[in-house]
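Student: I'd like to learn how to read the features of a protein model. Could you take me through one?

Tutor: Gladly; let's open it.

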Amino acid sequence: MKSLTETFANCRRYSRKALMPFLTAGYPDERTFLKLLFEFQSSGADMVEIGIPFSDPLADGKTIQYSSHRALQQGINVVSIFRRLSQLNGSFRLPLIMMSYFNPIYHYGVDKFISRASSIGIKGLIIPDIIPEESGDLEYQCRQNNIDLIYLLAPTSNAKRTKLILRRSRGFVYLVTIAGVTGARDKLPADLVQWIKKIKKQSDIPVCSGFGISHKNQAATVSRVADGVIVGSAIIDIIRNSANPAQAVDETGKFIRQLRKGIDYVKG
């Protein structure tokens, strides 16, 4: 797997904006979860964000809460996620980014988690409930294991915090489109494009935008200025509304290809 830095450099080389689908680990079941990862790969994704299911996901709306609840009901945990991802055996080429709240990482053991994630090729880590002021040790461990620690930047972040997050993020900055939780939206904020432009003027680190993006036109709008687009809840909705796992894989692949088409319409 390429590093996130190599992946964004490759995207720039081909005037391509990164597409990053999100999927809750183990949802809708462990076997289909792996099939969906490969469907993402063959349908035009550039990297994949994998969410560790957690019972108190403060940044997630009802859709991802549902997928996390279903995964937890099936006994999915950090141990089983690592076991499943280790079975990819080099056949999966896209960089994997893990998203977890700090509690599951702490419970598993921070040192052990970072080491295990690195050993199976995880390239990035997103932890919505940590702040730069309290994560110096974690940043050090991630750097020692070649994992990029990615911080979230929200519309409510003031100038001082924006500067801090841009300086401390590695790989890319996760720019949250809305002041709220995840979930598909019919409309994105009217000033989103201007905000992304403002952030990009302050740093050379890639900016990827997520939360609320649910169709190709929104992806196209965001990708005009951002370096990447993150889509999660809309994918979970497709899986949830499918009649069976095979249909879920097929419909999800169609959706990813639509997003890819929308993004590629915009030349970087």
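Tutor: Contact here means heavy atoms within 4.5 Å. Keep in mind that this is a predicted model.

Student: With that in hand, which residues is Ala226 in contact with, leaving aside its neighbours within four places in sequence?

Tutor: Ala226 is in contact with Lys17, Ile196, Lys200, Val207 and Ser209. Ala226 itself lies in the loop between helix 10 (216-223) and strand 9.

Student: Is Ala226 buried or exposed?

Tutor: Buried means under 20% relative accessible area. Ala226 counts as buried because its relative accessibility is 0%.

Student: How far apart are Ala226 and Ser43 in sequence and in space?

Tutor: They are 183 residues apart in sequence, and their C-alpha atoms are 21 Å apart in space.

Student: Let's turn to charges. How many salt bridges does the structure hold?

Tutor: A salt bridge puts a side-chain nitrogen of Lys or Arg within 4 Å of a carboxyl oxygen of Asp or Glu. The structure holds eleven of them. One of them joins Lys200 to Asp227, with the closest N and O atoms 2.7 Å apart. This pair links distant parts of the chain: Lys200 is in helix 9 (residues 192-200), Asp227 is in the loop between helix 10 and strand 9, and 27 residues separate them.

Student: Where do Glu30 and Arg84 sit in the chain?

Tutor: Their side chains meet in a salt bridge at 3.1 Å, N to O. That pair also links distant parts of the chain, with Glu30 in helix 2 and Arg84 in helix 4 (residues 78-86), 54 residues apart. Arg84 is partly exposed, with a relative accessible area of 24%.

Student: What about a salt bridge inside one helix?

Tutor: An α-helix has 3.6 residues a turn, so residues three or four places apart point the same way. In this structure, the side chains of Glu251 and Lys254 meet in a salt bridge of 3.5 Å, N to O. Being three residues apart in helix 12, they are separated by about one helical turn. Glu251 counts as partly exposed at 29% relative accessibility, and Lys254 is partly exposed with a relative accessible area of 38%.

Student: Which residues are linked in a network of salt bridges?

Tutor: Arg16, Asp46, Arg260 and Asp264 are linked in such a network.

Student: Which residues of helix 11 are buried, and what do they pack against?

Tutor: In helix 11 (residues 233-241), the buried residues are Ser233, Ala234, Ile235, Ile236, Ile238 and Ile239. They pack against several elements, including strand 1 (18-24), helix 2 (30-43) and helix 12 (245-264).

Student: And the backbone? Which residues does a cis peptide bond join?

Tutor: Tyr27 and Pro28 are joined that way, with omega about 0 degrees. Pro28 lies in the loop between strand 1 and helix 2.

Student: What is phi of Asn146, and where is that residue?

Tutor: Asn146 has a positive phi of about 60 degrees although it is not a glycine. Its place is in the loop between helix 7 (136-144) and strand 5 (148-150). At 64% relative accessibility, Asn146 counts as exposed. Ser15, in the loop between helix 1 and strand 1, has a positive phi near 50 degrees.

Definitions and conventions: Residues numbered from 1 in each chain as written. Predicted model: local features only at pLDDT ≥ 70, side-chain atom pairs only at ≥ 80, totals over all residues. Heavy atoms only, no water. Buried < 20%, exposed > 50% of the residue type's maximum accessible area, 1.4 Å probe, protein only. Helix = DSSP H or I, 4+ residues; strand = E, 2+ residues; numbered from the N terminus.
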